[in-house]
Amino acid sequence: MKIISVVGARPNFMKIAPFINAVNAYNNSNPEKFVNHILLHTGQHYDVRMSESFFKRLGIPDPDINLEIGSGSHAKQVGMTMIAFEEVLLREKPDWVVVVGDVNATLACTVTAKKLNVKVCHIEAGLRSNDMSMPEEINRLVTDRLSDLLLTPDKLSAQNLRKEGLPEKNIRFVGNIMIDTLEANRKSASELSVAKIIRDNNLLDTIPAKSPAAMPGKDYRESELLYAVLTMHRPSNVDQKVILEPILNFLTTEVAADMPVIWPVHPRTEKMLKLFGLWDKAAECQNLFLLHPVGYHEMLRLNMHAAIMLTDSGGLQEECCVLGTPCLTLRWNTERPVTLKEHGGASVLVGNNIDRIREEYRKAVKSGRIPQRPDLWDGQTAKRCLEAIINY
Ligand code: UD1
C-alpha cells in the first residue's frame, strides 16, 4: 500500500508526527505488508520558525516532496497547490492521500486526489464552527464531503457528519491525534525554563528594560501561576484596526498590570500591528514579552503553568483542555465545542468584545487549573488512524 500524507501549515505538523511513527511501528512488525509512506509538504508555511523547527523538534523526517507554494491569497495558495499536487499524484499513483486539519493544503490536496480517483482519509474530520466567514470552515466542509474515510476526534464531530448525511461506513471515532504528540513530548517540555524561552525567542532587538523579577524564572514553582500567554492570528481578530487596537489596549493596560504577558507573535499579526501603527505600543509595554513564533515544546511549556491562555487557535484550546489551563478563546464560535466548559473543558468563548473578555478574564484567573480528558484523547489515536486505513 502506498500513502501520501500531506502537511502545509504549522498546526498540521503536530498531527502528522504521530501518524508517521505509527506507520514506522507497523512496518517494523509487519514487513511483509510494508506501507510505502511519502510525506509531502505544500510549503504554505515556510519560515524556519513556522515550519522547519517543528520538523526537527518533533522528529518528523524531511518531507520527501516540497511543493514550495509559500504565502499568497487563498485562491493562489489552493490553485498552485492543486496544480503541483496533480503532477505528484500522476507520478506516484498512491492508494491513499491522508490529509489533516483544515488549512488550505487540506482542501487543495483532497480535491485534487478525488478528481484522480485516489482515496482520501481526513484525520480530524467533522469539526464545525458553522461560521462560513472562516476560511477553515470551508476547507472542512469540502474535505469531509469528499473524503472516503472520516476519522473524528470526538463524538460531537461524528454526529456533525451524520447530520450532514455522510455514510456511516466512512465515519470512525478515533480520538484526538494532537494529544498523541502532547503526551509524547510532555516530559521534555516540562524541563524547559520559561525565562530561557523568553530570552531565546525575544522578538525585539534588545531585551526591554523590564523588571527581571517579573520574568518567570526557572526555579518558579507550579503552585505559583505567574503569567498569561497570548496567541492571535485569525483574520477576524488581526486584520482590522478597530478590533486589534482595543485588544492590545486591554492587554497592555489591564492584563500586563496584573502579570507578565507572553506573546509569541504570528507573522500575519506582526505585519498587521506594524501596518496599523500599533507595534511601538506593544513593544514599549514593560510587562508584555513579544516573542517570535515559538517551537512546540516551548509552547507546551508555557501552557503547562500559565495562569491563563488567551488565544484564537483551535489547537491551543484542545491543549488547554488536557493541561487544565483556563482558556479565553478570542472567537464567537468554535469548531471544538468539546473543549468548552459546558462540555467539561477549560475554555470560554469571549469573542473580541472587551467587556466580555474582561469579565471572563477576572473569573478565569481565579479558577485554577483543572485538567480534563475527553474520550480517546489518550495518546493512542495515530495507531487507530492507521488501522482504519489498513482495514478499510
Ligand atoms: C494558517 C491556517 C490556519 C492555521 C494557521 C496557523 C489556512 C486557511 N489557515 O493561517 O488554519 O491556524 O495557519 O499558523 O490555511 N507567513 C510568514 N511565514 C510563514 C507563514 C506565513 O511570514 O511561514 C505570513 C505570510 O505573510 C502570510 C501570512 O503570514 O501571508 C498568513 O499566512 P497563511 O498561510 O496565509 O495563513 P495563516 O494566517 O498562517
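The side chains of Glu 318 and Arg 336 form a salt bridge, with N and O 2.8 Å apart; the term denotes a side-chain nitrogen of Lys or Arg within 4 Å of a carboxyl oxygen of Asp or Glu. Glu 318 belongs to helix 14 (residues 314–323) and Arg 336 to the loop between strand 12 (327–329) and strand 13 (347–349), so the contact ties together parts 18 residues apart in sequence. Helices (H or I, at least four residues) and strands (E, at least two) are DSSP runs, numbered from the N terminus. Both Glu 318 and Arg 336 are buried, where buried means under 20% relative accessible area, exposed over 50%, and partly exposed in between (1.4 Å probe, protein chains only).

The model is predicted: local features need pLDDT of at least 70 and side-chain atom pairs pLDDT 80 or more, while totals for chains, interfaces and linings use all residues. Residues are numbered from 1 along each chain as its sequence is written, and side-chain values use heavy atoms, leaving out hydrogens and water.

Across the whole structure, 33 salt bridges are found. Glu 318 and Arg 336 also belong to a network of salt bridges that includes Lys 15, Asp 102 and Glu 124.

Arg 128 pairs with Asp 144 in a salt bridge whose closest N and O atoms are 2.9 Å apart. Arg 128 sits in the loop between strand 5 (119–123) and helix 5 (135–146), and Asp 144 in helix 5, 16 residues apart. Arg 128 is buried at 5% relative accessible area, and Asp 144 is buried at 1%.

A further salt bridge joins Glu 254 and Arg 362, with closest N and O atoms 3.5 Å apart. Arg 362 is partly exposed, at 38% relative accessibility.
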